[in-house]
Amino acid sequence: MPSGCLVPGCTEKSRLGQSVSFHGLPVIDAQRCKLWLRAINNHRVGEDTGKEIIKGKTICSLHFKLEDFDGRLFGKIRSALKPTAVPSYCRFRYGRRG
């Protein structure tokens with residue numbers, strides 16, 4: 001079953017062969033995870049949501065800036081985010097960053 005993006009209004013789903021990558025919330029780093037949750041502003045999950053609930057939840061690459069990715073890994077199947085990356089395109093307009 002494809003997983004979807006946690007950003008409200010985003011309809012991206014994980015599918016084989018697509019150019020959008022999906023990135024799990026950084027549940028190991030509590031401070032960074034809070035930043036991500038604050039940035040996406042999803043009313044179903046907040047800064048104090050337990051790890052067991054958000055573990056495995058993902059945010060798609062459309063919500064990150066190009067400079068948030070490790071440029072050495074472009075061209076690979078999955079692009080890796082830098083450890084400082086925080087979602088920034090979270091007022092999503094269907095089909096486009098916004």
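**Close-up views of a predicted model**

**View 1. The largest nonpolar core.** Of its 22 residues, Leu25, Ile40 and Ile59 touch the most other members. H1 and strand E2 (58-60) are the elements that give two or more residues to this core. H1 supplies the largest share, 4 residues. A nonpolar core here is a set of buried Ala, Val, Leu, Ile, Met, Phe, Trp, Tyr and Cys residues joined through side-chain atoms within 4.5 Å. Helices (H or I, at least four residues) and strands (E, at least two) are DSSP runs, numbered from the N terminus. In soluble globular proteins, nonpolar side chains tend to be buried together.

This is a predicted model: local features need pLDDT of at least 70, side-chain atom pairs count only at pLDDT 80 or more, and totals for chains, interfaces and linings use all residues. Residues are numbered from 1 along each chain as its sequence is written, and side-chain values use heavy atoms, with hydrogens and water left out.

**View 2. The surroundings of Ile59.** Beyond residues up to four places away in sequence, Ile59 touches Cys5, Leu6, Val7, Ser21, Phe22, His23, Leu25, Trp36, Ile40, Phe64 and Pro87. Contact means heavy atoms within 4.5 Å.

**View 3. Glu12, a buried residue.** Glu12 lies in the segment before strand E1 (22-24). Glu12 counts as buried because its relative accessibility is 17%. Buried means under 20% relative accessible area, exposed over 50%, partly exposed in between (1.4 Å probe, protein chains only). Neighbours within four places in sequence aside, Glu12 contacts Ser3, Gly4, Cys5, Val20, Phe22, Cys60 and Leu62.

**View 4. Asn41, an exposed loop residue.** Asn41 sits between helix H1 (30-40) and helix H2 (51-54). Its phi is near 50 degrees, a positive value in a residue other than glycine. At 63% relative accessibility, Asn41 is exposed.
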